[in-house]
Amino acid sequence: MTTTADRRPAIGFALGILVTLAQISWSWHIGPQPKGEHPPPSWSLWIANQLGFWALAWLVATLACTPLRWWTGATWPGRWRKRLGLVAFALAAAHVGVFVIGEKSFDLWAIGVDVVKTPWLVFGVTAMTALTVLAATTPTAVVRWLGGARWQRVHRLVYAVAVLACLHYALRDGADPQHWIGFSLAVAGLLWVRWSRRSGPSKAR
(Lines give C-alpha, C1' and ligand atoms only; values in the text may rest on other atoms or scores of the structure.)
Protein backbone atom coordinates (compact mmCIF):
# COMPACT_ATOMS: atom_id res chain seq x y z
CA MET A 1 0.00 0.00 0.00
CA THR A 2 1.34 3.43 -0.96
CA THR A 3 1.57 5.81 1.99
CA THR A 4 1.60 9.61 2.06
CA ALA A 5 5.32 9.53 2.87
CA ASP A 6 5.93 7.41 -0.22
CA ARG A 7 3.92 9.78 -2.41
CA ARG A 8 5.71 12.96 -1.31
CA PRO A 9 8.93 12.32 -3.27
CA ALA A 10 6.91 11.49 -6.38
CA ILE A 11 4.88 14.69 -5.99
CA GLY A 12 8.06 16.72 -5.49
CA PHE A 13 9.63 15.11 -8.56
CA ALA A 14 6.57 15.87 -10.68
CA LEU A 15 6.48 19.47 -9.46
CA GLY A 16 10.19 19.85 -10.25
CA ILE A 17 9.58 18.62 -13.80
CA LEU A 18 6.62 21.00 -14.21
CA VAL A 19 8.56 24.00 -12.90
CA THR A 20 11.51 23.21 -15.16
CA LEU A 21 9.34 22.85 -18.26
CA ALA A 22 7.32 25.95 -17.35
CA GLN A 23 10.41 28.12 -16.98
CA ILE A 24 11.96 26.88 -20.23
CA SER A 25 8.62 27.41 -22.02
CA TRP A 26 8.38 30.93 -20.60
CA SER A 27 11.93 31.69 -21.76
CA TRP A 28 10.96 30.47 -25.23
CA HIS A 29 7.83 32.64 -25.14
CA ILE A 30 9.53 35.91 -24.13
CA GLY A 31 12.54 35.36 -26.37
CA PRO A 32 16.19 36.34 -25.83
CA GLN A 33 16.63 39.03 -23.17
CA PRO A 34 19.63 41.35 -22.64
CA LYS A 35 21.56 40.92 -19.41
CA GLY A 36 23.17 44.07 -18.08
CA GLU A 37 25.31 45.56 -20.81
CA HIS A 38 25.33 42.35 -22.82
CA PRO A 39 23.14 42.34 -25.96
CA PRO A 40 20.41 39.69 -26.29
CA PRO A 41 21.85 36.30 -27.27
CA SER A 42 20.63 34.29 -30.25
CA TRP A 43 17.55 32.10 -29.82
CA SER A 44 19.58 28.91 -29.69
CA LEU A 45 22.06 30.27 -27.15
CA TRP A 46 19.21 31.66 -25.04
CA ILE A 47 17.43 28.31 -24.84
CA ALA A 48 20.71 26.40 -24.43
CA ASN A 49 21.52 28.58 -21.42
CA GLN A 50 18.11 27.89 -19.85
CA LEU A 51 18.60 24.15 -20.35
CA GLY A 52 22.10 24.34 -18.89
CA PHE A 53 20.84 26.19 -15.81
CA TRP A 54 18.26 23.50 -15.09
CA ALA A 55 20.67 20.66 -15.85
CA LEU A 56 22.98 22.01 -13.15
CA ALA A 57 20.06 22.55 -10.75
CA TRP A 58 18.96 18.92 -11.14
CA LEU A 59 22.56 17.75 -10.79
CA VAL A 60 22.85 19.59 -7.46
CA ALA A 61 19.57 17.98 -6.36
CA THR A 62 21.06 14.60 -7.26
CA LEU A 63 24.13 15.27 -5.10
CA ALA A 64 21.88 16.32 -2.21
CA CYS A 65 20.18 12.91 -2.06
CA THR A 66 22.98 11.14 -0.18
CA PRO A 67 23.36 13.76 2.62
CA LEU A 68 19.57 13.86 2.90
CA ARG A 69 19.51 10.09 3.38
CA TRP A 70 22.21 10.36 6.07
CA TRP A 71 20.45 13.14 7.96
CA THR A 72 16.89 11.79 7.81
CA GLY A 73 17.49 8.04 7.79
CA ALA A 74 14.88 7.79 5.02
CA THR A 75 15.36 5.40 2.11
CA TRP A 76 13.55 7.40 -0.57
CA PRO A 77 16.46 9.79 -1.38
CA GLY A 78 18.52 6.79 -2.49
CA ARG A 79 15.67 5.48 -4.63
CA TRP A 80 15.05 8.83 -6.31
CA ARG A 81 18.70 9.78 -6.88
CA LYS A 82 18.79 7.80 -10.16
CA ARG A 83 15.72 9.60 -11.50
CA LEU A 84 17.10 13.03 -10.63
CA GLY A 85 20.42 12.19 -12.24
CA LEU A 86 18.77 11.01 -15.45
CA VAL A 87 16.75 14.23 -15.68
CA ALA A 88 19.99 16.19 -15.24
CA PHE A 89 21.57 14.15 -18.03
CA ALA A 90 18.58 14.65 -20.36
CA LEU A 91 18.64 18.42 -19.80
CA ALA A 92 22.42 18.55 -20.29
CA ALA A 93 22.12 16.54 -23.52
CA ALA A 94 19.41 18.92 -24.76
CA HIS A 95 21.64 21.86 -23.76
CA VAL A 96 24.51 20.48 -25.84
CA GLY A 97 22.25 19.54 -28.75
CA VAL A 98 20.66 22.99 -29.00
CA PHE A 99 24.07 24.67 -28.84
CA VAL A 100 25.72 22.37 -31.38
CA ILE A 101 22.87 22.50 -33.89
CA GLY A 102 21.71 26.08 -33.36
CA GLU A 103 25.03 27.86 -32.85
CA LYS A 104 27.45 25.66 -34.80
CA SER A 105 25.17 24.08 -37.43
CA PHE A 106 26.70 20.74 -36.44
CA ASP A 107 30.08 21.83 -37.84
CA LEU A 108 32.30 19.40 -35.92
CA TRP A 109 35.51 21.07 -37.10
CA ALA A 110 34.37 24.48 -35.86
CA ILE A 111 33.23 22.93 -32.59
CA GLY A 112 36.63 21.25 -32.13
CA VAL A 113 38.48 24.52 -32.78
CA ASP A 114 36.27 26.37 -30.28
CA VAL A 115 36.77 23.69 -27.64
CA VAL A 116 40.55 23.93 -27.96
CA LYS A 117 40.46 27.73 -27.71
CA THR A 118 37.79 28.18 -25.03
CA PRO A 119 38.32 26.95 -21.45
CA TRP A 120 34.63 26.98 -20.53
CA LEU A 121 33.88 24.67 -23.46
CA VAL A 122 36.66 22.32 -22.35
CA PHE A 123 35.06 22.07 -18.92
CA GLY A 124 31.62 21.59 -20.48
CA VAL A 125 32.69 18.85 -22.89
CA THR A 126 34.55 17.01 -20.12
CA ALA A 127 31.55 17.25 -17.79
CA MET A 128 29.16 16.03 -20.50
CA THR A 129 31.42 13.10 -21.37
CA ALA A 130 31.59 12.00 -17.72
CA LEU A 131 27.84 12.52 -17.27
CA THR A 132 27.19 10.31 -20.30
CA VAL A 133 29.29 7.57 -18.70
CA LEU A 134 27.24 7.88 -15.52
CA ALA A 135 23.95 7.71 -17.42
CA ALA A 136 25.15 4.71 -19.43
CA THR A 137 26.05 2.83 -16.24
CA THR A 138 22.74 3.58 -14.49
CA PRO A 139 20.62 0.60 -15.72
CA THR A 140 20.27 -2.24 -13.21
CA ALA A 141 21.82 -4.76 -15.61
CA VAL A 142 24.97 -2.63 -15.90
CA VAL A 143 25.14 -2.23 -12.11
CA ARG A 144 25.06 -6.03 -11.73
CA TRP A 145 27.73 -6.44 -14.43
CA LEU A 146 30.07 -3.90 -12.83
CA GLY A 147 29.46 -5.04 -9.28
CA GLY A 148 28.41 -2.77 -6.43
CA ALA A 149 31.86 -1.60 -5.35
CA ARG A 150 33.08 -0.82 -8.87
CA TRP A 151 29.80 0.90 -9.72
CA GLN A 152 30.11 3.13 -6.65
CA ARG A 153 33.65 4.12 -7.64
CA VAL A 154 32.49 5.03 -11.15
CA HIS A 155 29.56 7.07 -9.86
CA ARG A 156 31.73 9.16 -7.57
CA LEU A 157 32.55 10.93 -10.83
CA VAL A 158 29.32 12.85 -10.27
CA TYR A 159 31.19 15.16 -7.87
CA ALA A 160 33.80 15.94 -10.52
CA VAL A 161 31.00 16.50 -13.04
CA ALA A 162 29.39 19.03 -10.69
CA VAL A 163 32.65 20.95 -10.22
CA LEU A 164 33.34 20.99 -13.98
CA ALA A 165 29.76 22.07 -14.69
CA CYS A 166 30.11 24.98 -12.24
CA LEU A 167 33.34 26.08 -13.95
CA HIS A 168 31.67 25.77 -17.35
CA TYR A 169 28.72 27.84 -16.14
CA ALA A 170 30.83 30.51 -14.43
CA LEU A 171 33.37 31.11 -17.22
CA ARG A 172 30.96 31.39 -20.15
CA ASP A 173 30.20 34.80 -21.65
CA GLY A 174 27.49 36.71 -19.80
CA ALA A 175 27.36 34.34 -16.83
CA ASP A 176 25.05 35.53 -14.06
CA PRO A 177 27.15 35.83 -10.86
CA GLN A 178 24.15 35.15 -8.62
CA HIS A 179 23.55 31.85 -10.37
CA TRP A 180 27.08 30.49 -10.65
CA ILE A 181 28.08 31.60 -7.15
CA GLY A 182 24.95 29.96 -5.74
CA PHE A 183 25.59 26.72 -7.60
CA SER A 184 29.27 26.75 -6.63
CA LEU A 185 28.49 27.26 -2.95
CA ALA A 186 25.91 24.46 -3.03
CA VAL A 187 28.35 22.03 -4.68
CA ALA A 188 31.17 23.05 -2.31
CA GLY A 189 28.89 22.49 0.68
CA LEU A 190 27.81 19.06 -0.53
CA LEU A 191 31.43 18.08 -1.21
CA TRP A 192 32.37 19.18 2.30
CA VAL A 193 29.55 17.10 3.79
CA ARG A 194 30.71 14.09 1.77
CA TRP A 195 34.36 14.55 2.77
CA SER A 196 33.58 15.11 6.46
CA ARG A 197 31.36 12.02 6.56
CA ARG A 198 33.99 9.80 4.92
CA SER A 199 36.85 11.12 7.03
CA GLY A 200 34.91 10.94 10.29
CA PRO A 201 34.59 8.02 12.69
CA SER A 202 31.47 6.76 10.90
CA LYS A 203 32.23 6.42 7.21
CA ALA A 204 29.56 6.62 4.54
CA ARG A 205 28.30 3.44 2.97
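**A walk through the helices**

Mentor: Let's start with Thr66, which lies in helix α2. Keep in mind that this is a predicted model.

Trainee: Is Thr66 buried or exposed?
Mentor: The cut-off for buried is under 20% relative accessible area. Thr66 has a relative accessible area of 6%, so Thr66 is buried.

Trainee: Which residues is Thr66 in contact with, leaving aside its neighbours within four places in sequence?
Mentor: Here we look for heavy atoms within 4.5 Å. With the neighbours within four places in sequence set aside, the contacts of Thr66 are Arg81 and Arg194.

Trainee: Stepping back, how many helices does the protein chain have?
Mentor: Read along the sequence, the pattern is α-α-α-α-α-α-α-α-α. There are zero strands in the secondary structure, and the count of helices is nine.

Trainee: What radius of gyration does the protein chain have, and how does that fit a compact globule?
Mentor: The C-alpha atoms fill a box of roughly 50 × 35 × 30 Å along the principal axes. For 205 residues, a compact globule would have a radius of gyration near 17 Å, and the protein chain agrees with this at 18 Å.

Trainee: What percentage of the contacts with a separation of 6 or more is between residues 24 or more positions apart?
Mentor: We take the contacts in the protein chain with a separation of 6 or more, then pick out those between residues 24 or more positions apart. Their share is 66%.

Trainee: Which residues touch the most other members of the largest nonpolar core?
Mentor: This core has 33 residues. The ones that touch the most other members are Leu56, Trp58, Leu59, Leu91 and Val161.

Trainee: And which element gives the largest share of this core?
Mentor: The elements giving two or more residues to the core are α2 (43-72), α3 (76-104), α5 (119-136), α8 (157-171) and α9 (177-199). The largest share is eleven residues, and it comes from α2.

Trainee: Which residues is Leu56 in contact with, leaving aside its neighbours within four places in sequence?
Mentor: Leu56 is among the core residues that touch the most other members. Beyond its neighbours within four places, Leu56 is in contact with Ala165, Cys166, Tyr169 and Phe183.

Trainee: How far apart in space are Leu191 and Leu56, C-alpha to C-alpha?
Mentor: Leu191 lies in helix α9, and it is partly exposed, with a relative accessible area of 28%. Not counting residues up to four places away in sequence, Leu191 touches Tyr159 and Val163. Leu191 and Leu56 are 135 residues apart in sequence, and their C-alpha distance is 15 Å.

Trainee: What about Val142 and Leu191: how far apart in space are they?
Mentor: Val142 is found in helix α6 (residues 140-146), and it is partly exposed at a relative accessible area of 22%. Its contacts, not counting residues up to four places away in sequence, are Ala136 and Thr137. Val142 and Leu191 are 49 residues apart in sequence, and from C-alpha to C-alpha they are separated by 26 Å.

Trainee: Last one: how far apart are the mean positions of the positive and negative charges?
Mentor: The protein chain exposes about 12200 Å², with 68% supplied by carbon and sulfur atoms. As for charges, there are 20 positive and 7 negative ones, and their mean positions are apart by 25 Å.

Conventions
Residues are numbered from 1 along each chain as its sequence is written. This is a predicted model: local features need pLDDT of at least 70, side-chain atom pairs count only at pLDDT 80 or more; totals for chains, interfaces and linings use all residues. Side-chain values use heavy atoms; hydrogens and water are left out. Helices (H or I, at least four residues) and strands (E, at least two) are DSSP runs, numbered from the N terminus. The radius of gyration is taken over C-alpha atoms; the globule rule is 2.2 Å times the number of residues to the power 0.38. Accessible areas come from the Shrake-Rupley method with a 1.4 Å probe; for residues, only the protein chains shown count as cover. Lys and Arg count as positive and Asp and Glu as negative; His and the chain ends are not counted. The place of a charge is taken as NZ of Lys, CZ of Arg, CG of Asp or CD of Glu. A nonpolar core is a set of buried Ala, Val, Leu, Ile, Met, Phe, Trp, Tyr and Cys residues joined through side-chain atoms within 4.5 Å. Buried means under 20% relative accessible area, exposed over 50%, partly exposed in between (1.4 Å probe, protein chains only).
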